[in-house]
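Here is a briefing on a two-chain model. Please look over the sequence and the fold before reading on.

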Amino acid sequence: MDMLLELDHISKIYGDLHAVDDLSLTVPAGQWLAIVGSSGSGKTTLMNMIGCMDTPSRGSVKLEGRKLEDLNAGQLADVRKNLIGLVFQKFYLVPHLTAVENVMVAQYYHSVVDEKQALEALDRVGLKDRAHHLPSQLSGGEQQRVCIARALINDPKLILADEPTGNLDEKNEKIVLDLFRQLHEQGTTIIVVTHDALVASCAEREIMLNHGVLVGEKWNDEAARAAYEAAGGRPASTGAAVEGAQTGETAIGFADPTKAAKTGGE
Amino acid sequence: MTNTGMFFRMLFSAVFRRRSRAMMAVVASLVGAATLFCLAMICIAVPQQMNEEMRAYGANLIVTPTSSTTSADKAGIDEAMVEHTTEMVAAKGSEKHATYRYENVRVNAAPYVMAGVDAAQVKNLNHHWVIDGSWPSDGKVLIGRDIADAIGLKVGSRITIGYRASDNASSSSSSSSSSATSSSNDTNTDADANGSTSSQSQSSSGQPTQDGRVSSDIMDTSGTEFRVAGIVDTGGSEDSIIYATNADVNKLTGVTRGVDVIEYSAGANDLNALVQSINDMTSMHVKAQQVTKITASDTRIITMLQTLFWIVSLVVLVLTLVGVGTTISSIVSQRRNEIGLRKALGASSVAIGTEFYVESAMYGLIGGLVGTAIGYGLAQWLCVAVFERSIGFNWWLGVASVLLAAVVAVVASIPPVHRATRIDPAVVLREE
C-alpha cells in the first residue's frame with residue numbers, strides 16, 4: 001500500500017518543551033485518521049507539521065513520497081495548495097469577501113479561478129443560496145461549510161481539519177461530519193485533529209497524544225485495520241521514554257477521556 | 001472570471017467593503033496630499049506674486065543711449081530700437097516698460113526738466129506713484145510735488161511752459177541722461193553707472209540743480225499754456241519733473257526725436273545675462289544697467305520665502321510619511337490572520353506583497369486625487385485672501401501630487417507588508 005503520509009521519528013521542541021516527541025506514523029491514501037488528545041497535547045503542532053506550515057525539529061515528514069525538509073518555502077507553499085485542504089476551528093474566512101469569493105481565493109492561489117466550480121462546491125455543502133453573503137451574514141455552521149468548500153475546491157488528496165466542529169452546535173456538527181463521510185467515501189484522505197470523542201469515533205483510526213507523546217492507538221473500523229496491516233502498515237509509535245508511551249509494534253488501546261466526560265463516565 | 005479579474009475583485013472588496021479602515025488610509029493620504037499640494041502651489045505662486053509686487057516699485061533695468069550716440073546726434077533711442085530692445089527683454093521673461101524723453105524747459109523763466117512719456121506705460125510701471133488728480137493727457141501735464149509747492153500750483157491750475165533750444169543745445173542729452181539717471185537714482189540705480197552719468201551731467205551743464213530747477217534766472221515767461229492734470233508725489237526725483245505726453249513735448253519743442261531712457265521691469269531670471277546681452281550688441285548703441293538694490297532685495301526676499309516654504313513642505317512630507325505609514329501599518333497588522341490564511345492556502349509572499357502594495361497605492365491615489373483638489377481649493381483661497389488674485393491649476397504639479405501620494409502610501413506600506421509576508425501561516429492555526 002502506498003503511504004500518503006509518513007512521519008519518521010518527528011519531534012518539535014521549544015526549549016525544554018517537547019510539543020511532539022519522537023512520533024512515527026504512516027497514513028495510507030483514503031484513510032480517515034483522528035488525532036485526539038486534550039488541549040496542549042501537541043495535536044495542532046503535529047497538524048501544522050503535516051500541513052507544511054511548520055517544520056519538525058527532528059525527524060522527517062514525507063508527503064506523497066517527498067521529504068518536506070528538502071523543500072524551500074515556495075515549494076512548501078506549492079505542496080500546501082496542491083495536496084492539502086485545510087479546515088480550521090475558527091473558519092478563518094476573509095471577512096470582506098463573500099462565501100463564493102472565499103472559495104475562489106483558494107482557486108486563485110492554486111491555478112485558475114472558476115466561479116461556476118466554486119458555486120458547485122458551495123452547492124455540495126448546501127450553501128448555494130448563501131453564496132453571495134459575507135461571512136458576517138452566515139452562521140457558524142455555514143461559515144464552517146464555506147471553509148470545507150474552500151478546502152475541497154482544488155480536489156486535495158489530504159484534508160487536514162483542526163477541531164472542525166469545535167465551534168458548532170450538534171446540528172451543524174452532524175452536517176460537517178456527514179460531509180467528511182462523503183469525502184471519505186470518495187477516497188479523500190482525512191486527518192482530523194479533535195478533542196471530541198464523538199468526532200474522533202467517526203474516523204477509521206485514532207491516535208492519542210498526551211503532552212506530545214503518543215499514548216495510544218485504536219481502530220474504529222476493523223476492515224480498514226486489516227487492509228492497512230495487510231498492505232504492510234504498522235502501528236504508530238514513539239521513541240519517547242515516557243511511561244505509558246506507545247513505543248513498540250503493538251497498539252495500546254485507550255478510552256476516550258473526553259467521551260467519558262461527555263457521557264458522565266458511563 | 002480570470003485571475004486578474006479575481007485580483008481586482010479582492011482589491012475592490014478590501015477597499016469598498018472595509019470602508020472605515022480604507023477611509024483611515026485615504027484620509028491620511030488626503031491630508032498629506034492636500035497640505036503638500038497647497039504648499040507647493042504657494043511655493044510657486046508666492047515668488048511670482050512677490051516678484052510682480054516688487055517690480056511694481058519701479059524698474060529693475062534701465063536702458064540709455066550710449067555716450068557716442070548722445071554726443072553725435074542727440075537723437076535718443078528711436079522707436080524701432082525701443083521695440084527691438086523690448087523684444088530682447090521680453091524674450092527672457094515678462095516685461096513692463098516706459099520710455100522717457102527729457103527736455104529742459106522754463107516755467108516763469110525758471111528752468112525745469114520736462115519728461116515726455118506715455119502715461120499708460122508709466123502708470124503700469126510705477127504702481128507706487130501717488131497721484132493727486134490724473135495722469136497727463138494732451139494739453140495737460142503732471143507736475144512733481146516739489147514744483148507744485150514751489151510755484152503754488154494745484155490740480156486744474158494753468159502753467160505756461162517755455163522751450164528754448166539754447167537750453168538744450170549743449171547739454172540736452174547729458175542733462176536728459178542726468179535727469180533720467182537722477183530719476184532712477186532715488187530708485188536705486190546701480191551706483192557706478194549712476195555716479196559716472198551724474199558727474200558727466202554736472203560737468204557738461206556746469207549748473208548745479210536744486211529741486212530740478214537750474215539755479216540761473218533769466219526772465220522769460222513766454223511759452224505754451226498747459227493745465228495741471230495732476231501732481232505726483234513719490235518722495236524721489238520724480239517730484240521735480242514735469243510730465244507731459246510725448247505729443248505735447250514734440251509740439252512744444254518742435255522736434256520729434258527718440259527717447260532718452262527706457263525703464264524696464266523685467267521678469268528675466270538672470271538679469272545680469274540680459275544686461276550683458278544688450279550691452280554686447282554694440283550696434284544697438286544703447287547701454288543697459290541693472291537697478292541693483294531692487295533686484296537684490298527682490299531676489300533675497302523671494303529666496304527666503306521659497307526656502308521657508310520648501311522647509312515646511314519637507315517637514316509636512318516627513319509627517320505625511322509617518323502618518324500614512326502608521327495608518328497602513330495598523331491596517332496591515334489588523335489583517336495578520338488573513339495574511340496567514342492566504343499563506344496557508346498557498347499564496348507566495350510576492351503575491352501577498354503585490355496585493356497589499358496595489359491596495360496601498362489605491363488608497364494613495366484616491367487620497368491623492370481628493371487631497372490635490374482640496375489642496376488647490378486651499379491654495380486658491382489663500383491666494384485670493386492674501387494676494388487678491390486667483391491662481392491657475394498647475395497640471396504637472398497636480399499629477400505629481402497624486403503620484404507622490406500613491407508612492408508615499410506604497411513606500412509607507414513596505415515595512416508592515418514585509419513583516420506581514422513573513423508571518424508563519426501556522427499562527428492562524430496555533431490557537432488551541
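Is strand E5 (residues 140-144) of chain B largely enclosed by the rest of the structure or left open? Five of the five residues of E5(B) are buried, so the strand is largely enclosed by the rest of the structure. A residue counts as buried if 20 or more other C-beta atoms lie within 10 Å of its own, as exposed if 12 or fewer do, and as partly exposed in between, with C-beta atoms placed from the backbone.

This is a predicted model, in which local features need pLDDT of at least 70, side-chain atom pairs count only at pLDDT 80 or more, and totals for chains, interfaces and linings use all residues. Residues are numbered from 1 along each chain as its sequence is written, while chains are lettered from A and ligands numbered from 1 in the order in which they are written.

**Confidence**

- The model scores ipTM 0.84 and pTM 0.65.
- pLDDT is the predictor's confidence in each residue, from 0 to 100.
- Chain B has a mean pLDDT of 80, and 81% of its residues reach 70 or more.
- Over residues 171-210 of chain B, pLDDT stays under 50.
- For that stretch the model has 77 contacts beyond four places in sequence.
- Two residues are in contact if their C-beta atoms, placed from the backbone, lie within 7 Å.
- Where pLDDT is low, the predicted coordinates should not be read in detail.

**Chain B overall**

- Chain B holds 15 helices and 12 strands.
- Helices (H or I, at least four residues) and strands (E, at least two) are DSSP runs, numbered from the N terminus.
- Of its 432 residues, 44% count as buried.
- Among contacts in chain B between residues at least 6 apart in sequence, 87% join residues at least 24 apart.

**Strand E5 of chain B**

- Lys140(B), Leu142(B) and Gly144(B) point one way from E5(B).
- Val141(B) and Ile143(B) point the other way, and all are buried.
- Two strands pair if DSSP finds at least two bridges between them.
- E5(B) pairs with strand E9 (residues 224-233) of chain B in the parallel sense, over five bridges.
- Within E9(B), Val232(B) is the bridge partner of Gly144(B).
- Strand E10 (residues 241-245) of chain B runs antiparallel to E5(B), joined by two bridges.
- Within E10(B), Ile242(B) is the bridge partner of Ile143(B).

**Contact between the chains**

- The contact takes 30 residues from chain A and 27 residues from chain B.
- On the chain B side, helix H1 (3-16) and helix H13 (336-344) each supply at least two residues.
- H1(B) gives the largest share of that side, six residues.
- The chain B side divides into 13 nonpolar, six polar and eight charged residues.
- Here Ala, Val, Leu, Ile, Met, Phe, Trp, Tyr, Cys and Pro count as nonpolar, Asp, Glu, Lys and Arg as charged, and the others, Gly among them, as polar.

**Helix H13 of chain B**

- H13(B) is mostly covered, with seven of its nine residues buried.
- Among them are Glu338(B), Arg342(B) and Lys343(B).
- In chain A, the buried residues of H13(B) pack against helix H2 (73-83), strand E6 (84-87) and helix H3 (99-110).
- In chain B, they pack against helix H14 (349-387) and helix H15 (395-421).
- Gly346(B) follows H13(B) and has a positive phi, near 110°.

**Annotated spans of chain B**

- An unreviewed UniProt entry annotates residues 308-332, 363-387 and 393-414 of chain B as "transmembrane region".
- UniProt positions are given in the numbering used here, feature names are shortened, and annotations may be inferred rather than shown by experiment.
- Residues 363-387 of chain B are 100% helix and 0% strand, with end C-alpha atoms 34 Å apart.
- Residues 393-414 of chain B are 91% helix and 0% strand, with end C-alpha atoms 32 Å apart.

**Six-stranded sheet of chain A**

- Six strands of chain A form an open, mixed sheet in the order E6-E7-E8-E3-E9-E10.
- Its edge strands are E6(A) and strand E10 (213-219) of chain A, each pairing on one side only.
- E6(A) runs parallel to strand E7 (residues 158-162) of chain A, joined by four bridges.
- Ile84(A) stands opposite Leu158(A) in E7(A).
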